[in-house]
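Subject: Structure handover

Hello,

Here is the structure I promised to pass on. Please open it beside this email and follow along as you read.

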Amino acid sequence: MLACRWKNIARGRQADLPPTDDDPRWLDAAASLAIRARPLSTPNPCVAAIIVNRGRVIARGWTGAGGRPHAEAIALQQAGSAAHGGTMHVTLEPCAHLSARGPACADLLAASGLAKVVIGCGDPDSRTNGQGIARLRGAGIAVELADHAPSRTSLAGFLTRQTRGRPHITLKLAVSRDGFIGPLSGEPVMLTGAVARAHVHRQRALAEAILVGGATLRNDAPRLDVRLPGLEARSPRRMVLTRGPAPAGWEQLPSPQAVHDLHAMQFLYVEGGAATAQAFLAAGLVDQLIIYRAPVTLGAGIPAYGALGPAVDGAPPAGFVRVDQRRLGSDMLFTYQPATTGDS
C-alpha cells in the first residue's frame, strides 16, 4: 500500500472525518482504473472514481470519450440511492464550473448524500482550484485531500498541460547493451524481442500522438500504429519533427518547442531516432524516459542520445533518475524521470 500525506482543508459545517486505513487502497484502485480513460478523455483529464459503502464497492466510473460524462457522474448514476452515507474516492478534485456539456460534479456530489469524499489531487484549473472542495464542505460532506502520487501520475498529461502549457512527453528508445539504437549505416535493425515490442504498442495506445524525426520517417517508413488485439483503434496521430511539409497522413512539428502549440493535447510519445531524442533532451522537454535494453552488443553504432552519448546498459543522460525497472522477456525495461519534476 502506498503511503499518502493527508491534509485537512477548508472549514465547513461538518468536521473532517479521519482518514481510514482503506482510503489509500481505494485511491490506488481509482488511479489504476483511470488508465481506461487515457487518452480518450481529451480534452478533459482522465479521472476515475470509486464509491465504497460499508467496505463494499458499489460503483465506479472513469471519464468518457471526449471528456463526458465525468467519472463522478458515472459512479453516482451507478450507485443511485446506495451512495447515501458512502465514500467516494476520486483521483482529481470534482469540477466546480458550469459547462454546456454537463453539470458541475461538485454540485452532483453535494446533492448525492455521500458522507465523505477522498480526493487524490487538487485541480489547478482556475475554474475549480479549491472551489470544488469548498462546495462539498459547504454541503456538509467531509473531505480529505491526499497528496497521492499514483493519482498525480495518472493525471500527468492534464497536470503538465495546466502547469507547463504543453503535453506530457515520453521519450522511448530501444538500445543495445552498449547503448546504440542501430548500426552506423542507419540500416533498420530489430533489437528487442516480442514481449518488449508488445509493451511499446501498449504505450502507443496511451498517447494521443506519436512523433519521430524526419530521418526515421525517410529511412524506416514506420507505421506507428497499435497492433495489439482489441486496441487497434487506439492508434495515435502520427507526427514528424521537420521544418518541411509533412507527407499525407502525418502532422508536422517544426521544433521541439512547438509542443506548446499542441493545444489540448495531453500525452505525446516520442520514438526517436537519436537526433530527435537529443533535441528533446537538450530542450528539457522529456518528462519520462523509457529505455528498452536488448541483450545484444553492436560494438559501434548510433548513440541513443545523439551528441549526448550512448545509453550504455540502458543508463540515462545526466539529470534523470530511475523510477522503475523490469524484465520483458529477454530485454530490460528502465523508466526514468527528471531528477526535478516540478509540478508535472
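First, a term you will need below. A polar contact is a pair of N or O atoms within 3.5 Å; within protein, one of the two must be able to donate a hydrogen and the other to accept it. Residues adjacent in sequence count only if both atoms are side-chain atoms. Keep in mind, too, that this is a predicted model.

The overall picture

The protein chain has nine helices and 14 strands. Its radius of gyration is 22 Å, close to the 20 Å that the globule rule gives for 344 residues, so the chain is as compact as a globular protein of that length. Along its principal axes, the C-alpha trace spans about 70 × 40 × 35 Å.

Domain 1 brings 16 residues to the contact, and domain 2 brings 17 residues.

How much area is buried between domain 1 and domain 2? The figure is about 1,400 Å². Carbon and sulfur atoms give 53% of that area. On the domain 1 side, R38, P39 and R161 lose the most area to domain 2. Together they make up 46% of what that side buries.

Now use the term from the top. Nine residue pairs are in polar contact between domain 1 and domain 2, with both residues at pLDDT 80 or more. The count of salt bridges between the two domains is zero. Look next at helix α6 (residues 156–164). Helix α6 gives the most to the side of domain 1 that touches domain 2, with five residues. By class, that side of domain 1 has eight nonpolar, five polar and three charged residues.

Salt bridges

The salt-bridge count for the model comes to 14. The side chains of D107 and R135 meet in a salt bridge, at 3.2 Å from N to O. D107 lies in helix α3 (residues 105–110), and R135 lies in helix α4 (residues 131–138), so the pair ties together parts that are 28 residues apart in sequence.

Backbone details

Which residues does a cis peptide bond join at P39? The bond joins R38 and P39, with omega about 0°. P39 lies in the loop between α1 (23–33) and β2 (48–53). Recall that R38 and P39 are also among the residues of domain 1 that lose the most area to domain 2.

A cis peptide bond also joins R68 and P69, with omega about -5°. P69 lies in the loop between β3 (56–62) and α2 (71–79).

Last, check A221. A221 has a positive phi of about 45°, although it is not a glycine. You will find A221 in the loop between α8 (214–220) and β9 (237–241).

Best wishes

Notes:
Residues are numbered from 1 along each chain as its sequence is written. Side-chain values use heavy atoms; hydrogens and water are left out. Contact means heavy atoms within 4.5 Å. Buried area is the accessible area (1.4 Å probe) that two parts lose on being put together, summed over both. A salt bridge is a side-chain nitrogen of Lys or Arg within 4 Å of a carboxyl oxygen of Asp or Glu. Helices (H or I, at least four residues) and strands (E, at least two) are DSSP runs, numbered from the N terminus. Ala, Val, Leu, Ile, Met, Phe, Trp, Tyr, Cys and Pro count as nonpolar, Asp, Glu, Lys and Arg as charged, and the others, Gly among them, as polar. The radius of gyration is taken over C-alpha atoms; the globule rule is 2.2 Å times the number of residues to the power 0.38.
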